[in-house]
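Morning, everyone. Please look at the structure on the screen. I want to talk about aromatic rings.

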Amino acid sequence: MKSKIKATIGSIIFILAAFLYAHIAKTTAIYDKEVDTSEYGNTGALIETEVCQEFVCQENSLDAIRIKCTLNGNPQNTFLLYTLEDLDENKVVAEGRVDAGDAKITRMFEFRFDTVENTAGKHYRFNVWPEGASENGALGFAFERKVEENTNMLLNDEDIEGTLILKMVTDRFDLETFVVVLIFGVYIVFFFNFLYKLFRQ
């Protein structure tokens with residue numbers, strides 16, 4: 001009886017842990033992930049350049065934007081200002097300022113903002129421009145050399161034949177992650193139970 005109670009409590013704790021673990025930063029790319037990274041273009045050092053990328057959001061909310069960046073020198077004392085525009089309602093729904101010195105060449109640079117709700121199916125434009133950038137220190141952005149559906153990329157209001165290597169970020173519960181964790185947990189339990197019975201004989 002006690003073993004059943006322990007098993008039930010253990011199962012409840014594991015399910016709750018899996019539920020919490022499944023609350024992730026879900027990313028959705030607007031670019032083609034199948035394109036080889038060696039074929040990416042580069043905006044070059046953003047010194048007096050505004051970069052704009054239009055896209056359609058697929059999730060019900062939006063918490064951040066991530067863009068693959070390139071380093072040009074040492075971008076200390078350089079900042080990136082950004083806004084997120086709702087093109088359907090013609091208004092700015094998020095804005096911010098980040099330290100470009102935090103950029104890492106092996107990671108995508110994250111632009112976080114307060115959660116924007118009711119975003120599914122709506123058209124947005126993400127705008128980024130530098131503050132304090134120079135030839136000795138600036139960031140650039142990578143892009144694929146084709147225009148994806150429902151996107152438009154601009155450099156200083158000039159259309160670019162490309163799409164930023166950009167991901168939309170939504171902090172939410174992910175059912176797929178939850179199910180995978182549960183299956184993995186059940187597998188581990190049965191595996192160790194099998195080993196216990198095997199060596200007990």
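A search of the whole structure turns up 6 aromatic pairs. Keep in mind that this is a predicted model.

How do we describe such a pair? A pair of aromatic rings is described by the distance of the centres and the angle of the planes.

Start with tyrosine 82 and phenylalanine 111. Their ring centres are 5.1 Å apart. Their planes meet at 75°, over the 60 degrees cut-off, so this pair is edge-to-face. Where do the two residues sit in the chain? Tyrosine 82 is in strand 5, residues 79–86. Phenylalanine 111 is in strand 7, residues 108–117.

Buried or exposed? Tyrosine 82 and phenylalanine 111 are both buried. For phenylalanine 111, the relative accessible area is 0%.

Now stay on phenylalanine 111. Its ring also pairs with the ring of phenylalanine 126. Here the centres are 5.3 Å apart and the planes are at 65°, so this pair is edge-to-face too. Phenylalanine 126 lies in strand 8, residues 123–131. Phenylalanine 111 is in strand 7, so the pair ties together parts that are 15 residues apart in sequence. Phenylalanine 126 has 1% relative accessibility, so it counts as buried.

Step back to the cluster. Which residues do ring pairs link into it? Tyr82, Phe109, Phe111, Phe126 and Phe141.

Last item: a charge over a ring. The charged end of arginine 97 sits over the ring of phenylalanine 79. From the ring centre, that is 3.8 Å.

Definitions and conventions: Residues numbered from 1 in each chain as written. Predicted model: local features only at pLDDT ≥ 70, side-chain atom pairs only at ≥ 80, totals over all residues. Heavy atoms only, no water. Phe/Tyr/Trp six-rings, centres within 6.5 Å; stacked < 30°, edge-to-face > 60°. Helix = DSSP H or I, 4+ residues; strand = E, 2+ residues; numbered from the N terminus. Buried < 20%, exposed > 50% of the residue type's maximum accessible area, 1.4 Å probe, protein only. Lys NZ or Arg CZ within 6 Å of the ring centre and 35° of its normal.
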